[in-house]
Amino acid sequence: MSFLDSMSISGSALTATRLRMEVITENIANSNTTRTSSGEPYRRKYVVFQEKTNDTAFAEFFNKPKMTSGGVRVLEIGTDMSEFKYDYNPSHPDADENGYVRMPNVEVVQEMVDMMSAYRAYEANITALNAFKDMALKTFELGK
């Protein structure tokens, strides 16, 4: 694995993790949205990652063996189809005849834990990129 491959892997992880944080932020922002354009409460979204393999043409062009891992990519942004929560609030405009309101299936505490996890992953990849940069600078200093 070359130096640039390592940077590419960390870069792909940064991009994927940033998207994960955006989805988590959307979930938190819509945790009280009882009516969307479809007429039902907001449904929680989640990100599915997949291992990204290096491009074969790239490997052949540089006469390098194809790596099995080239970082991470977002496979899909899924929708959590679990049941909605119910809240008793007869004065709410979306309340049913019994006074219950269907609420989004978003648990804010779980989303905050997911956000902390994503932040730590982002932070770890920034640290790795900084280490790569420092190694490159040291290598250039050796040539002086």
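Of the 144 residues in this chain, 29% are buried, where buried means under 20% relative accessible area, exposed means over 50%, and partly exposed lies in between (1.4 Å probe, protein chains only). Colleagues, please note that this is a predicted model, in which local features need pLDDT of at least 70 and side-chain atom pairs count only at pLDDT 80 or more, while totals for chains, interfaces and linings use all residues. Residues are numbered from 1 along each chain as its sequence is written, and side-chain values use heavy atoms, with hydrogens and water left out.

I begin with the overall architecture. The chain has 3 helices and 4 strands, taken as DSSP runs numbered from the N terminus (helices: H or I, at least four residues; strands: E, at least two). Along the sequence they follow the pattern α-β-α-β-β-β-α.

Next, the tyrosines. Y86, Y88 and Y100 form a nonpolar surface patch with about 370 Å² of accessible area together. Such patches comprise residues with over 30% relative accessible area and no salt bridge, with like charges joined within 9 Å and nonpolar side chains (Val, Leu, Ile, Met, Phe, Trp, Tyr) within 5 Å; the areas come from the Shrake-Rupley method with a 1.4 Å probe, and for residues only the protein chains shown count as cover. Y86 lies in strand β3 and is exposed at 52%. Y88 is also exposed, at 53%, whereas Y100 is partly exposed at 38%.

The count of aromatic pairs is 1, where rings of Phe, Tyr and Trp (its six-membered ring) pair if their centres lie within 6.5 Å, and planes under 30 degrees apart are stacked, over 60 edge-to-face and the rest tilted. The ring centres of Y88 and Y100 are 5.2 Å apart and their planes stand at 65 degrees, so this pair is edge-to-face. Because Y88 belongs to strand β3 (residues 85–88) and Y100 to strand β4 (residues 100–103), the pair ties together parts 12 residues apart in sequence.

Finally, the charged side chains. The structure holds 9 salt bridges, each a side-chain nitrogen of Lys or Arg within 4 Å of a carboxyl oxygen of Asp or Glu. In helix α1 (residues 3–29), E22 and R18 are 4 residues apart, about one helical turn, and their side chains meet at 2.6 Å, N to O. E40 bridges to R43 at 3.3 Å; E40 is partly exposed at 27%, but R43 is buried at 15%. A network of salt bridges links R44, D80, E111 and D114.
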